[in-house]
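Dear colleague,

I am passing a structure on to you, and I would be glad if you looked it over before reading my notes.

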Amino acid sequence: SNPCNSILTYIHRLNRNFGWKFLVLLTSAYFGVKGVLLNLIQLASLPYYKKLGVSGRDYQVFSIVSTAPWAMKAMIGAVSDAVPLLGWHKASYIFASSLAGAVGLLLLAAAPLSAPVGLQPLPRQSVLPLLWWTDVVFFCSWMLSRPMLLTA
């Protein structure tokens, strides 16, 4: 049998049982957010770290720190189940993470990727922009990972 037929049959069954809106939500969440948006954020961080003169080793460390929210999903799930925030177990956590992520994305969009003319990359001792960038990407990852966990 053709594997495409079984996939199409599965999609039709999902559509019949849950509706097309659910399929759009599922596709946008997993393809758009987890696939495209997460990779775009990670790709955008490399040129910024290069402009700051960060070594490849340090870049890997900052990348691990900035994507730590994906590893913290189980802990956040347990906390959101045990401790309601403003009377809600899931919705308030989703809203708070979306707000933090939106601020992170705004800062990410406003981040300059090149130094003004005549300036050299920042010295290694200047860690504030590195921490700022890592925090921005951390909050973006936080925003992307929380709704995936809390709505699953």
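Residues are numbered from 1 along each chain as its sequence is written, and side-chain values use heavy atoms, with hydrogens and water left out.

The average pLDDT (the predictor's confidence in each residue, from 0 to 100) is 75 for the protein chain, and 79% of the residues score at least 70. Where pLDDT is low, the predicted coordinates should not be read in detail.

The protein chain has 6 helices and 0 strands, where helices (H or I, at least four residues) and strands (E, at least two) are DSSP runs numbered from the N terminus. Among these elements, the highest mean pLDDT, 86, belongs to helix H1 (residues 3-18), and the lowest, 70, to helix H6 (residues 128-150).

Of the 152 residues, 27% are buried, meaning under 20% relative accessible area, with exposed being over 50% and partly exposed in between (1.4 Å probe, protein chains only).

The structure holds 1 salt bridge, that is, a side-chain nitrogen of Lys or Arg within 4 Å of a carboxyl oxygen of Asp or Glu. It joins Arg 57 to Asp 58, with the closest N and O atoms 2.5 Å apart. Arg 57 is exposed, at 61% relative accessible area, whereas Asp 58 is buried, at 10%.

With kind regards

Terms used:
This is a predicted model: local features need pLDDT of at least 70, side-chain atom pairs count only at pLDDT 80 or more; totals for chains, interfaces and linings use all residues.
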